[in-house]
Every structure is written in C-alpha cells, then in structure tokens.
Amino acid sequence: MSGEAPTHARAVVIGGGIVGCSTAYHLAKLGWTDTVLIERHKLTSGSTFHAAGLVGQLRTSANITQLLGYSVDLYDRLEAETGLGTGWKMNGGLRLACNAERWNEVKRQATTAKSFGLEMHLLSAREAQDLWPLMQVDDVVGAAFLPTDGQANPSDITMALARGARMAGATILEDTEVLGIDVVDGVIKAVVTSNGRIECEAVVCCAGQWTRDLAATVGVNVPLVSVEHQYVITAQIDGVTRNLPTLRDPDRLTYYKEEVGGLVMGGYEPNPVPWAVDGIPKPFNFQLLEPDYDHFEPIMELAMGRVPALQIAGVNELINGPESFTPDGNFILGEAPELKRFFVGAGFNAFGIAAGGGAGMALAEWVHKGVAPYDLWVVDIRRFGRPHQDTDWVRTRTLEAYGKHYTMAWPSEEHDSGRPCRTSPLYSRLLAAGACFGEKLGWERPNWFADASLGETPHDVYTYGRQNWFAAVGREHRAVREAAALFDQSSFSKFALKGPDALAALNWICANDVDKPVGSLTYTQMLDDRGGIQCDLTVCRVALDEFYIVTGTGFATHDFDWIRRNIPAGLKAQLFDITSASAVLSLFGPNARTILNAVTRADLSNEMFPFGTMQTIGIAGCPVRALRVTYVGELGWELHVPVEYATSVYDTVMAAGAPHGLVNAGYRAIESCRLEKGYRAWGSDIGADHTPLESGLGWAVKLKTGIDFCGRAAMQLQHANGVKKMLAAFTVDPDVILLGRETIYRNGRRVGWLTSGGYGYTLDRSIGYGYVRDPEGVTAEFVLDGTYELEVATERVPADVSLRPLYDPGMRRIKI
C-alpha cells in the first residue's frame, strides 16, 4: 500500500524484498508496531521477484543451519497465519556426488547434518534416481537427501510476510523513495523520503544490490556487488511431478526445481558476468537483463547430460536477473561499525529465499536487544576490513567466490584473487624462503614453508586426505617443540587505548582484571550481558593511562567496534587502530632465550623477564616491544617492531638462530601446536554462544574481586547454577582426519560436535575440541566418566577425552 508516511517510527526498514518484509514482520511481532517499511517501487520489485526459490538448510555453521531451519519452520506455518498462499512445499532436496572426493565431502556433510540435528540420508545412485526419475545416474557415486528442504514462490512468500507485518501493526509504504538519512553527531535522526520525513531511532537497510550505495551516503561500507545469474524455465515435461525434490548437481554446476510441471534449471558458471560496474541504472524495477544464451550454453550442456529430457523440452524463458553477491559467499547482517543503530541485511548470494525468514528474525532481535540472538560471526558485517573499502577489489574476489559456489569446498582452501593486497615488510624474504601464503582480511600470511631440496613447491594441493603440506608443517612443529621457530605475525590487529579513564573503561569491558603494573600482560575475554565471549585478546599496560591491545587478524573491525562501543559514556578514553605501525616476529621454542640473548643486552632470565610481562629491548638498533607470551605452548616472545626496522630485526634474529636450529614457520604449525596445548580459537572454539565457564576459561574472569564488568551478572548466575555444556579435547588415531563439525557421542548418545580439528605431531594423534552438552547440566566428572566416539564422514571411531592440555612443555610429555 501507499499513503502518507508517518512522521515518527521506532524503526525504518528500507527495502521491500523478502528480507525487508521478514524484518518488518519480526520487529512488529516483538512489539515494534510503529515500524515502517519503505519500498521505492513495489514489494519484490528488486531481485526477489526473479529468485529461483530453492530452500536448503545445511551449511558449515551450526548457527546458519539453525537460521535456515527457522526459515523452513516459518514458511511451513505462514500461509495458515496470514491466509496468503506462499508456494511453500517441503519436497526435500537431493545433492549428487559424482567422484570419490565429492562423495567424501557429502559424507562429511551428512555427519555435519547429524551434528546439527538436521535429518539427512545417504542414498545409492539408484535410490536417488527413484526420487528423481528424469536423471541419468551412470556417473553418480551416491547422493544425499534432506527431507525437510523445499521450495517456495519468492513473491508469494514475501507478500505473506508483508501481510503478517501489517497484521502485527507495521506500516508498509510502496512508491516511496529514500532521499537521505539524517545523521547528527553520529546519531540517526530521521529518514527523509519522497513521501515525507520519518524521525526514527533505528534504520535497517535491506535494499539488496542498492544497499552498498545507500549505506555509503552515511559512511557505512557494505561490500557487495551485482552479478548476472541465469536460469531457464521449461515447458511441461513428462514425468515432472509436483512433489519432485529440488536437485543440486555440484559436479555439473547446476540446480533444479519443479515449476508448473516443468523445470527451473540454473547454475553457477566459473566465469560469471559482473553487472552495473558503473552503477545501477534508474529506474530498475521488475526488470531483467537480456538473456545471454552463449554464456549459458555450457551450463545447459552439462544439464542435458544429467537430464536428457532437456534436449527436447520446450524453453519458456531464460531468466537473467542480477543479484548481489559478496566476497566470501556469505550474506551480510548486523549493526554497522561505522554508525550506531544502522543495521544491514543484504548480499544474499542467490539464497535470499532460503535465508529470508531466519535473517529477518535475527535482524529484528539484533535491533530489539542490541546483540544478535546467537553467534552469527560468519555473516556479521564486522568480518570485513580495509580491502573491502575498494569496490574493484570486492568485485574481483566476489567473482571468484561466485565461480566456486559449486566447486569442492576443500579443507584449508584459500582464495587466489586480489592478491597480494596487504603484505608485511618481510613478504619478499619469506617468499624467497619458500613460504606458501594464505590470506586473511587482505593480509598475506605464511601458512607453511616448502623445502626445495626435498622437491616441495609452495603451493597447496587440496584433498580430503592429508594434504601436500602435511610433512612440511610437521618439520616446523617439531622445530617449535625441539629448537625454535620464527613466525611473521605482523597481521595481528593492534589497538591503543589512551586517556585518563583508560583503566576504568578497560576494566569494565574486560572480564579479567587489567589493573596491573605497567609492563604487565593480561589475557582476557570481553563479554556481552549474557556472558558470551565477544572478544578474546591480550592487553598490555604500557603506561598508567595507556594500554596496547593485540587481537587476531580477522577480528580487527569486530573487536575495535566492540571496545569503542562499550567505553562507558563520560569516560575520557580514546581507541586507535595502530595495526600498520608495527610488524610482529614471534620467536617460540626451547632455544628462544638462547637466540635472543645473542642479539640483545636485556636480561631475559625468568626472574627478570617473567611470563606475562612486556619490556622494551634493543635488537639491531631497534626499540623492540617484547611480549613474553605464547600461543604454541613453548618459551617465547612476540617481538613488536616498528615497520621500518622489521627486516633488520628479522635478519639479525635468523642469523643468531641458525646454530640453534631456528627455522621459519607458518600459521599451520601454530594451529597444530595450539591444539596440543589446548589454547582456544575465537570464532570456532569460543564465541558469543560460549561463556568462559563453559570453555574452561573461568580462571581469566575476575569474579573473586569486587570489580564490576560487562557480563558479571551472567557469570555469577552461571557460576551458581552450573553449565550445560563444557569444552573438552578429543584425540583419535592419526589416520583419522578431523576437520571440525564431527559428531561427538558419549555412551552412544549424541552430545555435540567438534568446533575445531587438526593433527598433533608431538602426540602423533588427531585432535579435536568440542562441547559436551546435556540439558540437565555438565560437570567435569560427567565429561570424564563417559566413553566417547566421534563420527567422521559417517563412520564412528573411538576417542579419548581430556579437560587438561594434551601437551605440557615443562614435562615434555602427553596428557591423555
């Protein structure tokens, strides 16, 4: 409906596609009945109207699978609630595997589904053909069937959500264009429209491929671009029944669904075509692009090999509709770090219909409570950083991600496009030394080092078995344990918090006590009001009124935003991102002190330089901020060096270390070492869904002090009542490859899944971490008393459990 806009609203939702309508629906259900949704033309007129409408649920993230499952539950009841047909049918979904590696992938997906509580069945080729008789299966190794997947009519389901929003009290304005968003001193005041000015306290931008440009007008960066996506709609085909499952055939890059007795068939080609490189034309409502038959021909040929009936089927239309895609293939949700109360829901990578119901729910909860309903880091807008400010870089990476939509999702796979982007001063030296680099947030980071004398080349060869870097990482791991290794960790995110109230601000935000002498290090979490771990980092007190904060590469935007937003009002403290000012060389191993003693006059003895402290020492004429800390479980220091000194310090340390077995090492060795020592990784082992008490980090929480901090009340309550999940370490035979998401069984009952997995070269065992869950409560005795198995690619294997570190460098032995 159109009409005069109200002058006030609690929230304004921009965009009348499925995500915008879902957000308005859920906000109104939460009591935000004065929500206004604005659509510049008609509902669904952007990209929703031409979406294919497949609804799948399984993803590699438990919470995104849960979000998509919520969509299914919502679509299942929406027609009864609103009286409008949705076209929703739960006809199930098939996924084919046509080679051994793909079948391995599908079996691992089946285990992931079991871990996440999603029903999934593995089928033979013949059983799959029984469900989908039109396809030939001569090359099919096996298939997976998810009976609760389905399909919907995108426009109908959006209209039903819109009606539900109106029924709950929301206002929807069509033919109303946003002319601007008024922001005064960093506070949203109003949305100015062609139909009047609407004062509001929150804006939710769900404008699809228009989101990036609109958000940019208020200084918010949303890294998405438009890409052409084509699918064909056939005439009726004999044998196509209404209950035909959706079908995904990733080895042929194609997908299918039933449509009025015919088929919709589309695909993800390896050479996608970007659209609107110079801007989206105006107007562009209910519009499609000219079909590109030549570009679609390879997809059609692949499809005809699978479904011979397509060779003679009539074609009603070849749809070419642009949609928004992102650099990592995940959609974008959350409150923008640049502007408070400006929320984004966009970039759905052609699965907006599957995600729409759940995404709208999550956005509404985020607006309502100020935090996401559960950990949504994989789609959080704060996962992006500096490279994503450049549209050309975003487009380059996005086109690669689009082309990989149906390719194998290999373990440890890296992107190739847009590289190198950000490099440390040591990049050329490490490249010459045989580094095989990975990339995170634009940074080139050495993953491992190839030894040319052994015939190794610094290039990843992907497989679900042991990959080609396995032996090289083993050498680096053993050097850490037996001699010493030097890691370039210059990509660490580094902040400075300064001001007379810096201590008061940080001690409120941190769960651990940072009120320690100058030169002290504090490992700490930062919690939300529920006790969830929002940040996991190291704080160094460098002056009475200044702290140096070090966190992970990929968390630069997220952690900076969390700290800045949680500095209590009125306190005089300023936060600065100083990441690019220094390189970081991490020297770890039993010979680390001997090597450093050769290059500095500082007293490095344990008495004069104890663990958990920082000193400024001199190396090669450079003032080095040396932090005695470790993430690998060995003696060591992080050497934080002004960038202009980095190469000199590196050369000096490497030369001094040569007689003592010092080697270059990469991030994969760090990972294997931290698994042995039991160090947690934020984003997998810990996050917003986990508390310190659940994850074995209660020792880092200042509950025994009288100091208040964010999350204290939740921690006190949990401390009194106990926990319902507990992080534990699991080990299995070395031939079993653990990647994460494997199902945990205790005494034959499913109790969780692995949050991370890898290999411990010192232990000669595969290692995984995961939460043991029980709704009645979990204790250490409960965890340790059980008999455990892990399901790996549908096969159960016996596992040992531990709540202590598996490796202790002081005792040089394994604890299993």
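A: In this predicted model, the count of disulfides comes to zero. A disulfide requires two cysteine sulfur atoms within 2.5 Å. The sulfur of C200 lies 12 Å from the closest cysteine sulfur, that of C205, which is too far for a bond. C200 counts as buried because its relative accessibility is 8%, and the cut-off for buried is under 20%. C710 is likewise in no disulfide, the nearest cysteine sulfur, in C535, being 10 Å away. With a relative accessibility of 6%, C710 also counts as buried.

Another cysteine, C21, takes part in a contact between two helices. Two packed helices are described by the angle between their axes and the distance between the axes. For helix α1 (residues 18-29) and helix α5 (residues 154-167), the axes come within 8 Å and cross at roughly 25°. Helix α1 is therefore roughly parallel to α5, since angles under 35 degrees count as such. The crossing of these two helices is left-handed. On the α1 side, the contact is made by I18, C21, S22, A24, Y25 and A28; α5 contributes I157, T158, L161, A162, G164 and A165.

The buried residues of α9 include W393, V394, R395, R397 and Y402. The partners against which the buried residues of α9 pack include helix α6 (211-216), as well as strands β13 (225-234), β18 (315-325) and β21 (435-440).

Terms used
Residues are numbered from 1 along each chain as its sequence is written. This is a predicted model: local features need pLDDT of at least 70, side-chain atom pairs count only at pLDDT 80 or more; totals for chains, interfaces and linings use all residues. Side-chain values use heavy atoms; hydrogens and water are left out. Buried means under 20% relative accessible area, exposed over 50%, partly exposed in between (1.4 Å probe, protein chains only). Helices (H or I, at least four residues) and strands (E, at least two) are DSSP runs, numbered from the N terminus. Contact means heavy atoms within 4.5 Å. Axes are lines fitted to C-alpha atoms, for helices over the stretch in contact, and angles run from 0 to 180 degrees between N-to-C directions. Angles under 35 degrees count as roughly parallel, over 145 as roughly antiparallel, 65 to 115 as roughly perpendicular and the rest as oblique. A crossing is left-handed if the near helix is turned anticlockwise from the far one by less than a right angle, and right-handed if clockwise.
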